[in-house]
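Here is a short note for a colleague who is new to this structure. Please read the points with the sequence and the model open.

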Amino acid sequence: MSTQEENAAPDGYLDMELLRFTTAGSVDDGKSTLIGRLLYDSKSIFEDQYEAIEESSKRKGDEHVNLALLTDGLRAEREQGITIDVAYRYFATPKRKFIIADTPGHIQYTRNMVTGASTANLALILVDARKGVQEQTYRHTFIAALLGIPHVVFCINKMDLIDYDEAAYNKIKDDIEAFSSKLDVKDIRFAPISALKGDNVVNESQDMPWYKGGTLLYMLENIHIGSDHNHIDCRFPVQYVIRPQSDQYHDFRGYAGRIAGGVFKPGDDVVVLPSGFSSKIKTIESFEEKLEEAFAPMSVTIQLEDDIDISRGDMIVRDNNRPHVDQDVDIMICWMSDQALLANGKYGLRHTTNEARCLVKNIHYKVDINTLHRIEDDKNIKMNDIARVTLRTTKPLFYDRYSRNRVTGSVILIDEGTNETVAAGMII
Amino acid sequence: MKAYNLTHLKELEAEAIFIIREVAAQFENPAILFSGGKDSITVAHIARKAFFPGKIPFPLVHIDTGHNFPETIEFRDKYVNELGAQLIVGSVQTSIDEGKVVEEKGYNASRNALQTVTLLETIETNKFDACLGGARRDEEKARAKERFFSHRDEFGQWDPKNQRPELWNLFNGKKHFGENFRVFPISNWTEMDVWQYILMEGIELPSLYFSHQREVFVRDGVIMASNGIVPQRESEETVTKTIRFRTIGDMTCTGAIESDAGNLEHIIEEVAASRQTERGTRSDDKRSEAAMEDRKKQGYF
């Protein structure tokens, strides 16, 4: 029997992939109902959870068991019937494990949508079939594109309320295709659903024989996510240096970190930034195992052939494929603080495992996320605003464009007085 | 062509290792909160992998209510010894003796809530600036909204409405003097993920998790261990049942389930078929709809 077979779980669970997706849409679009439906029909809701929301629904005098209560965790949210913060939900099918970042869709919550989108492979955007494309549809699609989410699925919901009308569905689909052609989204899909009735969510609809695209869950289970990480440009930001103070490992000097891009192998010629010293990879290790290769998003420990001075914040790359090295960077930011962005203000900055300070040198324009227009005469950047700015950093950053690599192309800004995270930034 | 894909368990492990290393890099004096339960054992196991061949560069902290199962304490001491780690014990009994907390009275009295005081005091005394814990977002509604790096003010409180946004894998551990962080590396794991990982890695667990015979009694549908710690009503008859524990907490608030699952494979089958969450046997969560949120705000695990 091979090792693989010995390790195989009764249900093949060890072969599953992980898909992280975010959901956008307001309460009225039936977003919570959709998530409830996915969890319920895939049998991911437990009896005691269901009983608890059944009880609360009854107490509030709701007619149906309100599946939205499953996702509203904080007392204030349940009392006010709104979602305040990103909530994370989990479910699994025999093929994949899913992490849902459930984000509120109101206009003032751009910051939460950006947060949920930052780690997602896929975005579900809900559109009410009765209303068609709305201002918020633009907003959600724009944010998905801005955050570089590789796959976007538009769920045209409440098809039951428009008699499962194919023509109406196609009209909405055309509208979305028209405006999203201006945005950089790699993979766009559509599904006509009814979250309330369960059509095309987990089970195929009996009322839409004209639709052959597969259920939403089928898409979630089968969309190819293997290429979502960058496996081309080798980037290893050093996170921590392991030097065991023991006799057995006296000479061990390992650089621990998470691979941000590319495929590393022992014997590879590498260069360390910022010093520029060259060396060769001696070993790549994961606990007691020596690996033949390592790729994103693995956490490993690398030993080099030569003893050179390397510390946290340095980056190990291939000689023939280097990142940009610069102190002036252009970024798109999403502002996340009550305190407006200070023109010429100084902020702390985090980029990979590197820390620096930065100066906001120039604010180019703000984006009206409902019309996607650039606003060049209003440079007052407030909470939930998205803007293009130029930063000058205290030391060079080793970066790739965000569209090339989401790990080496992203930064956060930190208010040095309050220590709060005030902005998310994508390097252009 | 080779597919450069990780299985979900490997990806979750890589994420947890990254977060634990980030704690070691960003904080001066971190600790692992270790209860002897499967989640904190998993965190300790991942921490060991994160720094290998070096040792885990921080101590393990156990908040002992004095009402732990003897099996838990025995396991804890053996495990810490094997890791070669330092163990720091915060004692709820000491907090009671010093008059810092008052013990609950009555049949449902539990020291569970009192732990918060002892925990915060242990953090303060040892000047820990980050405490790694095994909490998971799938456990409870309030936890679903907590960050990996969860900020605590100088009183140890959590403010759920004012959490720092957490983007990509850029974690902001900046803080003012006296503040600290709780960090949850396995936030994204489910109960099933933890069990599958334990199986995959061959991690040793306290015997309480596996089916055994025990003298128990039933209260409000919950099977409680009968051993003199929890006061029994006369009507609550002691019987011997074949049981196991799905979670391991204080004896006063941890219920058992009837089970024949004597090894990990059987436990996984049982968890897969289960229609109750694992905290369904925890009486501490049932006190009110927002019981966990309230305790967390005050500084609970």
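1. A definition comes before the pairs below. A salt bridge here is a side-chain nitrogen of Lys or Arg within 4 Å of a carboxyl oxygen of Asp or Glu. Lys366(A) and Asp385(A) meet this definition, at 3.2 Å from N to O. Keep in mind that this is a predicted model.

2. Where do Lys366(A) and Asp385(A) lie? Lys366(A) is in strand S19 (residues 354–368) of chain A. Asp385(A) is in the loop between strand S20 (373–375) and S21 of chain A. The pair therefore ties together parts that are 19 residues apart in sequence. Both Lys366(A) and Asp385(A) are buried.

3. Over all chains, the structure holds 46 salt bridges. One of them joins Asp330(A) to Arg388(A), with the closest N and O atoms 2.7 Å apart. Asp330(A) sits in strand S17 (residues 324–335) of chain A and Arg388(A) in strand S21 (residues 386–399) of chain A, so this pair ties together parts 58 residues apart in sequence.

4. Chain B has a salt bridge between the side chains of Glu236(B) and Arg219(B), at 2.8 Å from N to O. It links distant parts of the chain, 17 residues apart. Glu236(B) is in the loop between strand S8 (222–225) and strand S9 (239–245) of chain B. Arg219(B) belongs to strand S7 (residues 212–219) of chain B. Glu236(B) counts as buried because its relative accessibility is 9%, and the cut-off for buried is under 20%. Arg219(B) is buried at 6%.

5. Some charged side chains of chain A form a network. Asp128(A), Arg130(A), Lys131(A) and Lys158(A) are linked in this way by salt bridges.

6. Look next at helix H2 (residues 31–41) of chain A. Of its 11 residues, 9 are buried, so the helix is largely enclosed by the rest of the structure. Among the buried residues are Lys31(A), Arg37(A) and Asp41(A), as well as Leu34(A), Ile35(A), Leu38(A) and Leu39(A). What do the buried residues of H2(A) pack against? Their partners in chain A are strands S1 (17–24), S2 (87–92), S3 (96–102), S4 (122–128) and S5 (151–157), along with helix H8 (216–222). Just after H2(A), Lys43(A) takes a positive phi of about 60 degrees.

7. Now the contact between the chains. Chain B gives 68 residues and chain A gives 86 residues. The area buried between chain B and chain A is about 7,100 Å², and carbon and sulfur atoms give 55% of it.

8. How many salt bridges are there between chain B and chain A? The count is 6. Glu15(B) and Arg20(A) form a salt bridge, with their closest N and O atoms 2.9 Å apart. There are also 27 residue pairs in polar contact between chain B and chain A, with both residues at pLDDT 80 or more.

9. Which elements give two or more residues to the side of chain B that touches chain A? They are helix H1 (8–26), helix H2 (38–51), helix H6 (191–201) and helix H8 (291–298) of chain B. H1(B) supplies the largest share, 13 residues. The residues on this side of chain B divide into 27 nonpolar, 18 polar and 23 charged.

Technical notes. Residues are numbered from 1 along each chain as its sequence is written. Chains are lettered from A and ligands numbered from 1 in the order in which they are written. This is a predicted model: local features need pLDDT of at least 70, side-chain atom pairs count only at pLDDT 80 or more; totals for chains, interfaces and linings use all residues. Side-chain values use heavy atoms; hydrogens and water are left out. Contact means heavy atoms within 4.5 Å. Buried area is the accessible area (1.4 Å probe) that two parts lose on being put together, summed over both. A polar contact is a pair of N or O atoms within 3.5 Å; within protein, one must be able to donate a hydrogen and the other to accept it, and residues adjacent in sequence count only if both atoms are side-chain atoms. Helices (H or I, at least four residues) and strands (E, at least two) are DSSP runs, numbered from the N terminus. Ala, Val, Leu, Ile, Met, Phe, Trp, Tyr, Cys and Pro count as nonpolar, Asp, Glu, Lys and Arg as charged, and the others, Gly among them, as polar. Buried means under 20% relative accessible area, exposed over 50%, partly exposed in between (1.4 Å probe, protein chains only).
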